[in-house]
Amino acid sequence: MPNTGGAGLSHHDVVVIGAGPGGASAAYHLLLASKLKVALVERLEDDRFAHYHRMCGEGISQAGLRGIDLPLEGLIEQPIAIVEEHWPGDIDVKVKVKGAIIDRVALLKRMKGRFLDMGGEMVDDSVSRIVGNGPGMEVHMASGGKLTTDHVIGADGAHSKVRGRFFPELEPRLIWADQFITDERTEKGVLHFHYDQHYLGGYKWVFPAKEGSRIGFPRGTEKMPEGVVERHRRAIPIAKPERVVNGRVCLVGDAACQVNSISFGGIRTAITAGRMAAKALAKDDLARYQREWMASSFAKASDIATYRRLSSMSNEEMARIAKPFGKGYVGFNATMAMIFSRDRALYLAFRKAGNYGW
Ligand SMILES: Cc1cc2nc3c(=O)[nH]c(=O)nc-3n(C[C@H](O)[C@H](O)[C@H](O)COP(=O)(O)OP(=O)(O)OC[C@H]3O[C@@H](n4cnc5c(N)ncnc54)[C@H](O)[C@@H]3O)c2cc1C
């Protein structure tokens, strides 16, 4: 029997809306850090939840894994040691990295499991509206149920209702992406990124999957690959939030457009923001989350100007900017370009995205 908000009025200190990486992290970290009464509301169940959350490259850096604060046994599909960037002009840049393809659905289940073990309450319903922004505000469910709460964490993804209601100024550009899981195997341990003007500021990715590969690109920029076993379509919300807190309501993850605007990595940023918001609330100081997020390297690493510049670049220009890095991001040419080139800002933006954007 699914647990819905029910017809009655149940009061919580915090209601978290959405059990993706941002919301699951916020809910779990709230109970690790406090004795607050917390409800986690999620509209999708079982297969639909799993299908939604498999729509992802599931790539995360070693630093991102460390920030999860959970035992990771059984969650790593495979370690990642190399990123290969393929630029126009036949320029291939190979970078050594430390990261993994994670079983994202299993990670979310584990976080939810810990949250429930610590006394959290799961509500299987869809939030339709929120009334008020103060103690006792009302969270209404599609089923007709209702919760009251003193705080709301909006972790409801790219099309966030919480953002629309409390942060109307934050209007992201939605980059629709198609991802296909195919039965064709790709190299283990390697993430491939293909840049070209026809990806319109984005890129094509080819990542390993359990049985084959994940291939994705901005919608309509390529034909469907061969051997597709599963396909998905979702939006990546690109914007730079000026605020993530409004009174007793805050946003985390894609709801707050915290996905990195160059790498499009958002698992680590959502988990980090969820943890930051939880710790601020545990100290009864939500405004602290606003200050910490804005001052963080994650916020600084998301560079809309670089995304815009890439969107309008020709292949010739891409080949020109990639040229100093043909032998990698270290070495004489690369160092000189980082220090002296007129494209220095763009190179630094890429480096920051590599460090904080996945
Ligand atoms: C094609 C693609 C590939 C990607 N690959 C990567 C990658 O390899 N690495 C990486 O780091 N990032 C990747 N990302 C980005 C990453 O998936 C997102 O940034 C991340 O999922 C954000 O997490 P979130 O919790 O904020 O939102 P979401 O994952 O979108 O979760 C939101 C949750 O809220 C629920 N919800 C929504 N509305 C309501 C409502 N009204 N009531 C109740 N529940 C609601 C949803 O059902 C969902 O479970 C990719 C994104 C795309 C589109």
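At roughly what angle do the axes of helix H9 and helix H12 cross? The figures show a predicted model, in which local features need pLDDT of at least 70, side-chain atom pairs count only at pLDDT 80 or more, and totals for chains, interfaces and linings use all residues. Residues are numbered from 1 along each chain as its sequence is written, and side-chain values use heavy atoms, with hydrogens and water left out.

**View A. Crossing of helices H9 and H12.** The axes of H9 (residues 304–311) and H12 (residues 344–356) cross at roughly 115° and come within 10 Å. Axes are lines fitted to C-alpha atoms over the stretch in contact, with angles from 0 to 180 degrees between N-to-C directions. H9 and H12 are therefore roughly perpendicular to each other (65 to 115 degrees). Helices are DSSP runs of H or I with at least four residues, and strands are E runs of at least two, numbered from the N terminus.

**View B. Residues around the ligand.** The ligand is surrounded by 37 residues (a heavy atom within 4 Å); Glu42, Arg43, Tyr52, Arg104 and Asp254 are the closest. Helix H2 contributes the most to this shell, with three residues.

View C. A polar contact is a pair of N or O atoms within 3.5 Å. A ligand nitrogen atom lies 3.0 Å from a backbone N or O atom of Val127, and a backbone N or O atom of Phe264 is 3.5 Å from a nitrogen atom of the ligand.

Notes: A polar contact is a pair of N or O atoms within 3.5 Å; within protein, one must be able to donate a hydrogen and the other to accept it, and residues adjacent in sequence count only if both atoms are side-chain atoms. Angles under 35 degrees count as roughly parallel, over 145 as roughly antiparallel, 65 to 115 as roughly perpendicular and the rest as oblique.
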